[in-house]
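Hi everyone, thanks for coming. Let me put the structure up on the screen, and then I'll talk you through it.

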Amino acid sequence: MTAASYFILAALLDGPLHGYGIIKQAESLSGGRVRLAAGTLYGALDRLAEEGFILADRQEVVEGRMRRYYRLTEDGVHALHSEAARMEQAARVVTRRSGSAAITPRLA
Amino acid sequence: MSGRLRRRYERLLFTYPAAYRRAHGDEMLGTLLEAARPDQRLPAPREAISLLLGGLRTRAHQAARQSPQRLWTDGLQLGVLLIVLVNLGHALQAPFPFPLWIALVAITALAVLRGWTRTALIVATVAALAAARPLLPQVSLPWWLPGYGDWSMVARYAVPAAVLAALAWSRVGRPRAWSWWWLVLPAAAALPLEGNPWALAQAVLQVGLLLVVLVVAVGAFDPRPAIGAAVYLAPGLVYAAEEAMTAGVPSTLALGYWVVLAALMVVLVAAAWRSRRYQLRQLEP
């Protein structure tokens, strides 16, 4: 799963969001690292919808602009948690060793 | 909010297929305008690039969803179209015009342009055989043919015939009709512009277009322009080889030209292969 897809799914964990809402939430959750351009966002939303991870929830018009809200499906929640567990395990491989490296004196 | 910004974003959205624009255009426009600064009048560069590549990627994805083979066949058809249109331009530009030959080349171009595959295959084969006739022994030259005495000219007519035969044999998808705007190409090729500035301008334009083709293949994962460009360059490879051979001992320049052309084709095919693999991966369940 790409970083963009991961943070889009993570952005939807608290409830349905529209395009700009997803962009802001993904940026905030990633500490500013993931700044989605619209072309990237909608390409990722298409793929996630094709995979059955998200669904279009509802749409509304605000100040003459169309907003469509997306929400996570059960498959999407499951995929997000699997990815988080995989990354946690991958991170532990390094963080465990970094702890032991800190107390092991390096030669040369 | 500036209406000008809205119109500029609407224009950029034209890179997306019409059906996609109908389904998502308003929503994308809403997101783009919401993300814009209140005084913004020009599209943000990163948004513009993302829309251009996103639109092209969506087009390639839709073609792949219709049939994965279409990524190859669309590219091959584009390559054939480019060759036959440039052939028409050159035929019109010839110093001693042969009306029947020009008619044959024009019918080939028209048939390819309109997607009449069977007609295109027949006339392209006749044109290829006619172009090769001067090189065949014991065959007198008919009066309506220009006297081509080199294999590179034959390649310019044989490559389209061979690709059209392969397309007819594969029977993948419906042959596509192209816009009449493509006729600008033979019109430009037929312009009596000679001399170094024009040759330089032509070379710069071609290099620029090849770079665009590579960006489309690498950035938008659309292999079709790269396949088309590789087919278009194929007769050039024969020309460069012929130049190197006829010099007796191949000169460094002639060999260098051939190597550069061959390397370019390898890069194009590799880029096309990579983007096709990406598109096929997207189709996996």
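Predicted model: local features only at pLDDT ≥ 70, side-chain atom pairs only at ≥ 80, totals over all residues.

Chain A has an open sheet of 3 strands, in the order 1-3-2, and the pairing is antiparallel. Strand 1, residues 17-18, and strand 2, residues 54-62, are at the edges with a single partner strand each, so each has one side without a neighbour in the sheet. If you look at where strand 1 meets strand 3, residues 65-72, you'll find an antiparallel pairing over 2 bridges. His18(A), for instance, has Tyr69(A) in strand 3 as its bridge partner.

Now, over to the interface. The contact involves 21 residues of chain A and 24 residues of chain B. About 1,900 Å² is buried between the two chains, and carbon and sulfur atoms give 46% of that.

On the polar side, 13 residue pairs are in polar contact between the chains. There are also 3 salt bridges across the interface. One joins the side chains of Arg68(A) and Glu27(B), at 2.8 Å from N to O.

Where does chain A's touching side come from? Helix 2 (19-29), helix 3 (38-50) and strand 3 each supply at least two residues, with helix 3 giving the largest share, 8 residues. By class, that side has 9 nonpolar, 7 charged and 5 polar residues.

Thanks, and I'm happy to take questions!

Terms used:
Residues numbered from 1 in each chain as written. Chains lettered and ligands numbered in written order. Heavy atoms only, no water. Pairing = 2+ DSSP bridges. Helix = DSSP H or I, 4+ residues; strand = E, 2+ residues; numbered from the N terminus. Contact = heavy atoms within 4.5 Å. Buried area = accessible area lost by both parts, 1.4 Å probe. Salt bridge = Lys/Arg side-chain N within 4 Å of Asp/Glu carboxyl O. Polar contact = N/O pair within 3.5 Å; in protein donor to acceptor, adjacent residues only side chain to side chain. Nonpolar A, V, L, I, M, F, W, Y, C, P; charged D, E, K, R; others polar.
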